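Take a moment with the sequence and the 3D view.

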Amino acid sequence: MKLVLTFGFVVVSIWLQAQSSSYTERKNAQLAGPSPFIGELSGQAKDRIVYESNKVLAFHSNKPQAPIHIIVIPKKRIATLNDLTAADSTVISEMIFVATKLAASNGISETGYRLVFNTNEHAGQSAFHVHLHVLGGMS
């Protein structure tokens, strides 16, 4: 009986951790096309851009979840944090550094802010281009 319960727990755990087929289809379809941030990367949303370097771009979210909601992306498309390579460590650290500077310039560094990366379905990732949310200006 103990073996059956253990086996059942393992099967259910694996099933719960797997991505749903509809999510996988949406993810693959998006990855087959251009970055969801193509407008920002191509300069079509210049009024929302707040920072740019040769590696990263930061801009105001078009669907803000907080009074201050800035998105920081690498210019190189990386689908998820799971797809990072050792060579990507410099761009990720630049993203975090830029986020802290943007928090300061937006007056939220002392009162508090959140930095959020979402990775895959259970974390709510819907745009398959690594991005860092800078959220602040509220309790």
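We start with the sheet, then turn to a helix and the cores.

This is a predicted model, where local features need pLDDT of at least 70, side-chain atom pairs count only at pLDDT 80 or more, and totals for chains, interfaces and linings use all residues. Residues are numbered from 1 along each chain as its sequence is written, and side-chain values use heavy atoms, with hydrogens and water left out.

Five strands build an open sheet, ordered β1-β2-β3-β5-β4, with antiparallel pairing. β1 (49–52) and β4 (113–116) stand at the edges with a single partner strand each, so one side of each has no neighbour in the sheet. From one strand to the next, the twist averages 15°. Strands here are DSSP runs of E, at least two residues; helices are runs of H or I, at least four; both are numbered from the N terminus. Two strands pair if DSSP finds at least two bridges between them. β1 and β2 (residues 56–60) are joined by three bridges. Tyr51 has Ala58 in β2 as its bridge partner.

Helix α4 (residues 89–105) packs on the sheet and touches β1, β2, β3 (68–74), β4 and β5 (132–136). Contact means heavy atoms within 4.5 Å. The direction of α4 makes about 160° with that of β3. Such angles run from 0 to 180 degrees between N-to-C directions, using axes fitted to C-alpha atoms, for helices over the stretch in contact.

The largest nonpolar core has 17 residues. A nonpolar core is a set of buried (under 20% relative accessible area, 1.4 Å probe, protein chains only) Ala, Val, Leu, Ile, Met, Phe, Trp, Tyr and Cys residues joined through side-chain atoms within 4.5 Å. α4 gives the most to this core, with seven residues.

Note on methods. Buried means under 20% relative accessible area, exposed over 50%, partly exposed in between (1.4 Å probe, protein chains only).
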